[in-house]
Amino acid sequence: MEDMRALSYGLGQQYFDERDYRGAIRALLPIVEETPEDVGTRLLLARAYFHSASLKPAEEHLLVILDRDPTEAYAHLLMARTLERLSRGDEAIKHRRIAAALTGDDSLLASQSHSTKN
């Protein structure tokens with residue numbers, strides 16, 4: 001069974017690298033359902049959801065990751081970017097600050113979307 005997970009993960013990573021984010025989701029979702037504690041696989045799944053513009057599932061998986069590992073800097077950055085794309089910039093600020101504090105990279109404080117439209 002471990003071999004199947006490794007194969008599925010590899011396939012998911014390959015799909016992701018090829019920018020076939022929906023294919024990555026299909027490959028990674030069963031692994032996350034089978035091993036929900038696997039933060040690395042869940043983070044790749046959240047990234048695939050984000051890049052496929054499936055922002056609510058991305059947010060849901062990122063919340064699980066941050067609950068399990070609140071010091072996962074990239075998850076905070078991706079959560080900030082997800083919230084910004086959902087027009088929830090006020091909530092995103094907190095995650096940008098945490099990512100910057102965890103990495104020491106103050107450039108992470110700058111939002112990717114400089115214009116906000118109401």
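Let's start at one residue, Ser54. Setting aside neighbours within four places in sequence, Ser54 is in contact with Arg22 and Tyr49. Keep in mind that this is a predicted model.

Where does Ser54 sit? It is in the loop between helix H3 (39-51) and helix H4 (55-68). Is Ser54 buried or exposed? Its relative accessible area is 14%. Buried means under 20%, so Ser54 counts as buried.

Now step back to the whole chain. How many helices and strands are there? Six helices, zero strands. Read along the sequence, the pattern is α-α-α-α-α-α. H3 and H4, on either side of the Ser54 loop, belong to that run.

Next, overall dimensions. Along the principal axes, the C-alpha atoms fill a box of roughly 45 × 25 × 20 Å. The chain has 118 residues, and a compact globule of that length would have a radius of gyration near 13 Å. The chain has 15 Å, which agrees.

What about the inside? Of the 118 residues, 39% count as buried. Ser54 is one of the buried residues. Then contacts. Take those in the chain with a separation of 6 or more: 43% of them come from residues 24 or more positions apart.

The accessible surface comes to about 7000 Å². Carbon and sulfur atoms hold 51% of that surface.

Last, charge. The chain carries 15 positive and 19 negative side chains. How far apart do the centres of the two sets lie? The answer is 7 Å.

Terms used. Residues numbered from 1 in each chain as written. Predicted model: local features only at pLDDT ≥ 70, side-chain atom pairs only at ≥ 80, totals over all residues. Heavy atoms only, no water. Helix = DSSP H or I, 4+ residues; strand = E, 2+ residues; numbered from the N terminus. Rg over C-alpha atoms; globule rule 2.2 N^0.38 Å. Buried < 20%, exposed > 50% of the residue type's maximum accessible area, 1.4 Å probe, protein only. Contact = heavy atoms within 4.5 Å. Areas by Shrake-Rupley, 256 points an atom, 1.4 Å probe, with all protein chains shown as cover. Lys, Arg positive; Asp, Glu negative; His and termini not counted. Charge placed at Lys NZ, Arg CZ, Asp CG, Glu CD.
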